[in-house]
Amino acid sequence: MLTGSWTPTAVSLDAARTALATLPGRNYVLLITDGAPNCNSALDGSRCRCGSDTMSCSTNPRLCIDDDRTVAAVAALQSAGIETFVVGYDTSAWADVLDRMAAAGGTDYTTHIPVGDEASLESALDAIAGSVVSCNVELSAPPDVLQYVHVTLDGTDVPNETVATGTSSWALVGDRQIELRGSACATLRDGAAHVLAISRECHRIF
C-alpha cells in the first residue's frame, strides 16, 4: 500500500495469487483496508466514481475507484482455490465496493467485515481464524474397531455419536475421517487455541 490516498488493491491481490500459487496446502488471503481500491490510471477520470472529496479524478484518474478490476482479482484468487476475507477499517463510504469483493472471495462471509477499533478488529480476526478450521480430520489409517477410537478436545472426552447423550459428539465419515459435531465443532472453530487428540487404544493415529 502506498502513502496518502493510494490503495493499489487489485495489483496487490494479483501479486498474492502469484506468490500463493507456489505454496502447498490450502491458502487464504486476509485483506484489511482503510480505503477504497484505486491506482488504475487506465480509468476515465471524468466518468468514474471518484474516491476523493478533496482531489479531482479528472486530473488524476488514479483516484478513481478501481472496483471492477479488484473484484476480478478476488474472483481470480477464488478460481485458483484461494479464498479471500475482506475487512474494512472505517470504510462505510465504500461498503458496497467491499461487499462485492467479499462476495467474490468464496468464504462464508458474503459481505465484508466492518471494524472501527482495536477490539472489533481483534474480534473479526478471531472469527475469521475460527471459520477456516475444519471439523473433519483425516486419519492415517482406517480404525478397525470403532469402539477403541478415543477423541479428546482440550483433554475432555468427546463421545461417539452412537453413545453421545449431549450435543457434542464425533462420527466416522467414510472409512478414515473423523468429524466433530455439535458443540465440539463449535468449540474447535471459536478462534482460540485448542488441542485435539484422536487415539486408538495405545496407538496415536492423529
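Is Phe85 buried or exposed? At 4% relative accessibility, Phe85 counts as buried. Buried means under 20% relative accessible area, exposed means over 50%, and partly exposed lies in between, with a 1.4 Å probe and protein chains only.

1. **Basis of the note.** This is a predicted model, in which local features need pLDDT of at least 70, side-chain atom pairs count only at pLDDT 80 or more, and totals for chains, interfaces and linings use all residues. Residues are numbered from 1 along each chain as its sequence is written, and side-chain values use heavy atoms, with hydrogens and water left out.

2. **Aromatic pairs.** A pair of aromatic rings is described by the distance of the centres and the angle of the planes. Here, rings of Phe, Tyr and Trp (its six-membered ring) pair if their centres lie within 6.5 Å; planes under 30 degrees apart count as stacked, over 60 as edge-to-face and the rest as tilted. By this rule there are two aromatic pairs. In one, the rings of Tyr28 and Phe85 have centres 6.0 Å apart and planes at 40 degrees, so this pair is tilted. Tyr28 lies in strand β1 (residues 28–33) and Phe85 in strand β2 (residues 83–89), so the pair ties together parts 57 residues apart in sequence. Strands (E, at least two residues) and helices (H or I, at least four) are DSSP runs, numbered from the N terminus. Tyr28 is partly exposed, at 25% relative accessibility.

3. **Phe85 again.** Phe85 is buried, at 4% relative accessibility. Phe85 also forms an aromatic pair with Tyr109. That pair is edge-to-face, with 6.0 Å from centre to centre and 65 degrees between the planes. Phe85 lies in strand β2 and Tyr109 in the loop between α3 (95–103) and β3 (113–115), so this contact ties together parts 24 residues apart in sequence. Tyr109 is partly exposed, at 25% relative accessibility. Tyr28, Phe85 and Tyr109 form one aromatic cluster.

4. **A charge over a ring.** Arg62 lies over the face of Trp6, 4.3 Å from the ring centre. The rule asks that NZ of Lys or CZ of Arg be within 6 Å of the ring centre and within 35 degrees of the ring normal.

5. **Salt bridges.** Side chains of opposite charge can pair when their charged atoms come close. A salt bridge here is a side-chain nitrogen of Lys or Arg within 4 Å of a carboxyl oxygen of Asp or Glu. The structure holds eight of them. One joins Arg17 and Asp14, at 3.4 Å from N to O. These two residues are three apart in helix α1 (residues 9–20), so about one helical turn separates them. Arg17 is partly exposed at 28% relative accessibility. Asp14 is partly exposed too, at 28%.

6. **Two further bridges.** Asp66 and Arg69 meet in a salt bridge of 2.7 Å, N to O. Asp66 is buried at 2% relative accessibility, whereas Arg69 is partly exposed at 32%. Glu161 and Arg181 meet in another, at 2.6 Å from N to O. Glu161 lies in the loop between β6 (156–158) and β7 (168–173) and Arg181 in strand β8 (residues 177–182), so the bridge ties together parts 20 residues apart in sequence. Glu161 is partly exposed at 40% relative accessibility. Arg181 is partly exposed, with a relative accessible area of 30%.

7. **A network and two helices.** Asp67, Asp68 and Arg100 are linked in a network of salt bridges. How do the axes of α2 and α3 cross, and at what angle? The axes of helix α2 (residues 67–79) and α3 come within 8 Å and cross at roughly 25 degrees. That makes α2 roughly parallel to α3. Angles under 35 degrees count as roughly parallel, over 145 as roughly antiparallel, 65 to 115 as roughly perpendicular and the rest as oblique. Axes are lines fitted to C-alpha atoms, for helices over the stretch in contact, and angles run from 0 to 180 degrees between N-to-C directions.

8. **Positive phi.** Most residues other than glycine have a negative phi. Asp90 is not a glycine, yet has a positive phi of about 55 degrees. Asp90 lies in the loop between β2 and α3 and is exposed, with a relative accessible area of 62%. Asp154, also not a glycine, has a positive phi of about 55 degrees. Asp154 is found in the loop between β5 (149–153) and β6. At 39% relative accessibility, Asp154 counts as partly exposed.
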